[in-house]
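Please open the structure in a viewer and keep the selection tool at hand. The stops below proceed from one selection to the next.

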Amino acid sequence: MFKKSYTAVLAMVVGCSLAACSKDIAKEEVADVQVQSKTAWVKNPADLVNPFIGTEGVYNHRQAANVVPGAVLPHGMFNFGPEHAYTHDLLSESELISKRILEDNGRLPVSPGGYNYGASRIKGFSFTRLSGTGCLGASGDIPVLPFVGKIKHSPDTDKLNAYYSASFSHDDETALPGYYQVKMDNGINVELAATTRSGIAQFTFDESVNSEQAKLLFRSSYSQLGSGDAYTTVDLEKGEISGYVTSGNFCGYLGEYNRRDYYTLHFIAKLNVAITGSGSWQDDKVFSNSTKAKGGMGYGEKGIPKLGKGSGVWVDLDLTKQKTVTMKVGISYVSLANARENLAVEQAKTSSFTKVQEQAYQTWNSALSKVKVVADEVADKDKLTTFYTALFHSQFHPNIFSDVNGEYTGFDQKTHKIGQQQNAQYANFSGWDVYRSQLQLVTLLNPKRGSDIAQSLFNQAQQYNGVWDRWTHNSGPTGVMSGDPSTIAIANFVAFGGDKFDVNGAYQSLIKAATIPTALDLSDQGCPVFCRGQHPSLDQWLSLNYISDQSNSWEGASETLEQASADFSLSQLAKRLGHKSDEQNLLTRSSYWQNLYNPLASTKEKSDLRGYLQGKNKDGSWKKDFDANSGHLFVEGSPAQYLWMVPFDGQGLNTLVGGDEIMATRLDNHFHKPDGSWVLFRDDATYADVSNQPSIASPWMYLFTGQAYKTQDTVRETISQLWHNSTKGIPGQDDLGQMSSWYVFSSLGLYPLYPGRADLVLSSPVFSQTQIGNLTIKAPQASDKNRFIQSLTVNGQPTNKSWLDESYIKQPTILDFTLSTIPNKNWGAALSDRPPSYSNLIKVAKGEQAGSKK
């Protein structure tokens, strides 16, 4: 089932009648959608969330969102959820998986995050996970499997987890914010809840199960992409299981650099029943009456762990007095002692499953209530569910990484402690993805959290010789993807109000990194996917004013656009801090993207359609074999898609391609087939793919042609076609909440287009009234059909501007839209009403500077 109501779940947990529970929690009493009236804010948005949205799909194709329905708090360290096992029907869907699992005899997660709605078996319930990644998986540490049966052989030799797993039906499955439940076919009902750094589980065994049969398997080495080492020990007298796993290997199958250890997770698990016996296994050997196990899975020769290696323990459970076993777990990335302290502080001895679950619900309800919505309780139910689930997914990452005592493991693998200004250290920064809108949303919702994430990135850079890594995983830099997203992120944090951190220190570090090439910048170590330099081939950027095809980067053309955005964002941060010389120099550098514009470049199919961004060689000649529709010349996109990835200089792009009508027509052909039908999500790189980062800003580029109504139409059509309340309701990988944040902003009729600025470009809101931060957004005519803006007032003043300046960050601002089925082609059409562009226009053929800011 998708979900039960909160009241029904609580009744199930505490054993009271539904009526009695409803009476006891009257102030939390909810219906599927609770609003007081058509003009009242949604009261309990946590009840609208469907955590199963986006959980289905084939993960090595981008139509899988790879989100997870485990028990977690906003940005929590502990994410308690199922790890699915392979079934033959899943394997048949993917030749890639089939080859690696069956032929190479390797072991991979069934889906990044460990959960796939198409799976039907569970191999354990792990303590950590990432949501929406595209690199096969990560974390998934310490899966624990409640098991009924004999230990016949080592779990490490169990091909496809055929024996040491349990089947289940979605009819017996429930997920709510902070809570997960499943009744497995082996007769065990599992319920999970979490605090920030700890979790709690209830395993209820069938009455027919006795103490000789009931077991818990701690598969300590079974992190999703393997482990370098693991250790587990059982204390029979205290009823405790503890240990650690050392892992890493994020995207390791794509290259050798990340096939290494870079974090250790420590855990302590306490049971409320006696342990009557235990055993262990290491590799293919089983040891009865053992209390310790040690050994990792390794990462395999190609970054894929092999079967037959690993370690773990099992414990036999005393069920003579009760059939429900409660397990409380604390974790820490520093030490076992800190894991114990995290558990003691966040779950007192008197704490119960019900109390933890209730607290988790209230925490999520409060977090989701920071975006208020007025909607019809019946007609808009699916819209509300899709919206609040996207807001829910937007707040999984980055994760709190420091313990309750403030300690955390840094990028130098040493123990550090947060400063007085910082509430927590954060980890898991998917930079290339989340710099575009997710971090802005997180900061709007909670400026202090944004400030702490910014300080966390700065702390990591200081521990990593001044290098700001683009994709951080726990206490390790991974280098995954391209560009310099950390610079954009820091500028965005400050712009959106998250400035309670060492801004000046961060700026000095970033400006040094942007002007002085490091040994890593000049090295090809880890390239192409894991280039270790923060600014790959910075020497070329400074001398050639572009990144060439002969560079230390993952596609020089992509890197050029990413570095241009980074320089623009840093110019805006320099402006805020009063560094005028830096501002002007960086603003000039941000125009270097124009050096890759070739007015003669064309597609193979349409030689008359010319003008694209094209890679260059180091000698200044154009890269050969150009095809605008090829998906292999840019990172995760084609020249046809990347042409529009100039968010800070739309008018400069307009000038280069030939003016308003030509630009608008090319955008029309980018979003539509020749017959006029929409193309928004497609493997054909000829068209837009608004499910992936290179294209997500493209709908807003119509604003720079003066045809704002086409932005409104395209954004609404994307929302309508690609997002919905189902297990396939997220288009493509959610990328740690990035795509969900796009949906949240777009539904509000807003988008943070500019790197390093809080200006918002505008479209038509989906709901009749919303509120986020200082913004109140009214659109009384909002409906599926009324997708066009007729008029707008800002604080009572009429305006035709298709953008909002960033003054709303510091003062209340009311946007009052009038919507219609008919486009107002004059709204946003005048040059003075279009979003601002920032450009030092370059004479493309010669690379000479000309022009100034528009």
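Begin by selecting C527, which is partly exposed because its relative accessible area is 24%; partly exposed denotes the range between buried (under 20% relative accessible area) and exposed (over 50%), computed with a 1.4 Å probe on protein chains only. This is a predicted model, in which local features need pLDDT of at least 70 and side-chain atom pairs count only at pLDDT 80 or more, while totals for chains, interfaces and linings use all residues. Residues are numbered from 1 along each chain as its sequence is written, and side-chain values use heavy atoms, with hydrogens and water left out.

C527 and C531 form a disulfide with sulfur atoms 2.1 Å apart, a disulfide being a pair of cysteine sulfur atoms within 2.5 Å. The torsion about this S-S bond is about 135 degrees, so the disulfide of C527 and C531 is right-handed. C531 is buried, at a relative accessible area of 3%.

By this rule the model has 2 disulfides. For the other, select C135 and C251, whose sulfur atoms lie 1.6 Å apart. These cysteines are 116 residues apart and link distant parts of the chain: C135 lies in the loop between β2 and β3, and C251 in the loop between β10 (240–248) and β11 (261–271). Helices (H or I, at least four residues) and strands (E, at least two) are DSSP runs, numbered from the N terminus. The torsion about the S-S bond of C135 and C251 is about 100 degrees, so this disulfide is right-handed. C135 is buried at 10% relative accessible area, and C251 is buried at 0%.

Next, select R129, in the loop between β2 (121–126) and β3 (144–148). Is R129 buried or exposed? It counts as buried because its relative accessibility is 4%. A polar atom of the R129 side chain lies 3.0 Å from the backbone oxygen of G113, and one lies 3.4 Å from the backbone oxygen of P82; a polar contact is a pair of N or O atoms within 3.5 Å, where within protein one must be able to donate a hydrogen and the other to accept it, and residues adjacent in sequence count only if both atoms are side-chain atoms. Leaving aside neighbours within four places in sequence, the residues in contact with R129 (heavy atoms within 4.5 Å) include V68, E83, A138 and H397.

Move to strand β2, where 5 of the 6 residues are buried. Strand β1 (residues 81–85) pairs with β2 in the antiparallel sense over 5 bridges; two strands pair if DSSP finds at least two bridges between them. Within this pairing, E83 stands opposite G124. Strand β4 (residues 166–176) also pairs with β2 in the antiparallel sense, over 2 bridges, and R121 stands opposite S167 there.

Now display the open sheet of 3 strands, which are ordered β22-β23-β24 with antiparallel pairing. β22 (429–430) and β24 (476–477) stand at the edges with a single partner strand each, so one side of each has no neighbour in the sheet. Between β22 and β23 (residues 471–473) there are 2 bridges, and F429 stands opposite T472.

Finish at helix α12 (residues 503–515). Its buried residues, among them Y507, L510 and I511, pack against α10 (447–462), α11 (485–495), α13 (538–543), α14 (556–577) and α15 (580–589).
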